[in-house]
Amino acid sequence: MNQMLQDSIDTTSIDTTTETAPPAETPVASPPEERPPAPAHPRFAKPQRVAFVQSAWHRDVVAECRVAFLDEIEARHIARDRVDIFEVPGSFEIPLHAQLLAKTRRYTAIVAAGLVVDGGIYRHEFVADTVIKALMDVQLRTEVPVFSAVLTPQQFHETQAHFDFFRKHFATKGVEVATACAETLLSLERLRSQVAAGII
């Protein structure tokens, strides 16, 4: 029976030729991934010294800004040992410290970092606005540039998701404020040399 079923199969419809696939090419190992070269940042004509004033409120979040700032400012030719770190209780205390530091004439720039959040008692926007205006006043009065990474989210909840989000955000801001600091110091250095030479 089995033999009869096999004989009745029309073998003309079955393609018995087998095509052999061409031999696969041996993959060429790609060169190990190389990191792009670090950008060549201009160097300063004179030594720079920076004060970094940070709020202790939500210290672990704000610290991400400091870490990222130090990495980026070092890449821009200001050594870590040329950055002095100061800590204050909250963002409201930053402007007075910034003013006293600026008046010493020891620092060519001051960076402020803090997190102002809604405490349920007062409007945090008012505190942040007051701090930013005070920092601008310090800068204009002393002619020492002051940079702000004092952030005020519209909403901040004591949840892990928000802590994780703002840690990443502060790391980004640390790079941005270091970039602004270095580029402004270079610009002021050029401007002052032009003024001294009578070009402007």
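Which residues of α5 are buried? This is a predicted model, where local features need pLDDT of at least 70, side-chain atom pairs count only at pLDDT 80 or more, and totals for chains, interfaces and linings use all residues. Numbering runs from 1 along each chain as its sequence is written, and side-chain values use heavy atoms, with hydrogens and water left out.

Select α5 (160–196); helices here are DSSP runs of H or I, at least four residues, and strands are runs of E, at least two, numbered from the N terminus. Its buried residues (under 20% relative accessible area, 1.4 Å probe, protein chains only) are F163, F166, F170, G174, V177, A178, T179, C181, A182, L185, L186 and E189. They pack against β1, α2, β3 and β4.

Next, pick V50, F69, I73, V83, V111 and C181, the residues with the most contacts inside the largest nonpolar core, which has 28 residues. Such a core is a set of buried Ala, Val, Leu, Ile, Met, Phe, Trp, Tyr and Cys residues joined through side-chain atoms within 4.5 Å. Its largest share, nine residues, comes from α5.

Zoom in on V50: beyond its neighbours within four places in sequence, V50 is in contact (heavy atoms within 4.5 Å) with partners including F69, I78, V83 and C181.

Finally, slide past the end of α5. G198, just after the helix, takes a positive phi of about 75°. I200 sits in the segment after α5 and counts as exposed (over 50%) because its relative accessibility is 59%.
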